[in-house]
Amino acid sequence: MKEFEQLLKIAKRKTQLDKGNSWSNGAKTYLAGIKEEVDEVIEELPKSRQCYLEDELGDILWDYLNVLSALEDEKGIDTQAVLTRACQKYEERISGIESGKTWADIKEKQKIALAKEHSSNT
């Protein structure tokens, strides 16, 4: 996991550099990049070239980390909160499935809880 943290730090440095570049449109730039990189992964899958596939998957991760970093700056999101939410969300879903609940039921319960959280914060 230290590589994840290292890559996130590099992405944060990139966010600072992007502020001085006219080509960057912040998070929107990297969201568009994710779409392009997903297509490249799809193209790479049938070719059975592991190093190229790993490289393309790394590009998706890079663009995602840049989205997080840019949105920290642009919208005040907290990257740690995103990771914490994701861990809680999917732990609840997988644990639920393991105990016999359905993905749809768990997801619906989570949507209700999220709506309640949102309404209590507004």
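Glutamate 72 and lysine 12 form a salt bridge in which the closest N and O atoms are 2.6 Å apart, a salt bridge being a side-chain nitrogen of Lys or Arg within 4 Å of a carboxyl oxygen of Asp or Glu. Because glutamate 72 belongs to helix α3 (residues 50–75) and lysine 12 to helix α1 (residues 2–18), the pair ties together parts that are 60 residues apart in sequence. Helices (H or I, at least four residues) are DSSP runs, numbered from the N terminus. The structure is a predicted model, in which local features need pLDDT of at least 70 and side-chain atom pairs count only at pLDDT 80 or more, whereas totals for chains, interfaces and linings use all residues. Residues are numbered from 1 along each chain as its sequence is written, and side-chain values use heavy atoms, with hydrogens and water left out.

Both partners of this pair are partly exposed, glutamate 72 at 24% relative accessibility and lysine 12 at 29%. In this classification, buried means under 20% relative accessible area, exposed over 50%, and partly exposed in between (1.4 Å probe, protein chains only). Glutamate 72 was also compared in position with glutamate 5: the two are 67 residues apart along the chain, and their C-alpha atoms are separated by 16 Å.

In total, six salt bridges are present in the structure. Among them is the pair of glutamate 117 and arginine 85, whose closest N and O atoms are 2.4 Å apart. Glutamate 117 is in helix α5 and arginine 85 in helix α4, so this contact ties together parts that are 32 residues apart in sequence. Glutamate 117 counts as partly exposed at 30% relative accessibility, as does arginine 85 at 43%. A salt bridge is also formed by glutamate 92 and lysine 109, with 3.9 Å between the closest N and O atoms. Here too the residues lie in helices α4 and α5, glutamate 92 in the former and lysine 109 in the latter, so the pair ties together parts that are 17 residues apart in sequence. Glutamate 92 is partly exposed, with a relative accessibility of 34%, whereas lysine 109 is exposed, with a relative accessible area of 53%.

Helices α4 and α5 also contribute to the largest pocket, each supplying at least two residues of its lining. The space in this pocket amounts to about 390 Å³. Its lining comprises 15 residues, of which Arg85, Lys89, Gln110, Leu114 and Glu117 are the closest to the centre. Helix α4 gives the most to the lining, with eight residues. By class, the lining residues divide into five nonpolar, two polar and eight charged; Ala, Val, Leu, Ile, Met, Phe, Trp, Tyr, Cys and Pro count as nonpolar, Asp, Glu, Lys and Arg as charged, and the others, Gly among them, as polar. A pocket is an open set of points on a 1 Å grid over the protein atoms alone, where a 1.4 Å probe fits, with protein on both sides within 12 Å along at least five of seven lines; lining residues have an atom within 4 Å of a point. Grid points are joined across faces, edges and corners, and the volume is the space filled by probe spheres set on the points.

Helix α4 (residues 79–98) provides the largest share of the patch, three residues. Tryptophan 103 is in helix α5 (residues 103–121) and is partly exposed, with a relative accessible area of 36%.

Serine 48 has a positive phi of about 50° although it is not a glycine. Most residues other than glycine have a negative phi. Serine 48 is exposed, with a relative accessible area of 68%.

Leucine 8, located in helix α1, counts as buried at 12% relative accessibility. The C-alpha atoms of leucine 8 and cysteine 51, 43 residues apart along the chain, are separated by 22 Å. Glutamine 16, also found in helix α1, counts as partly exposed at 49% relative accessibility. A separation of 32 Å lies between the C-alpha atoms of glutamine 16 and glutamate 44, which are 28 residues apart along the chain.
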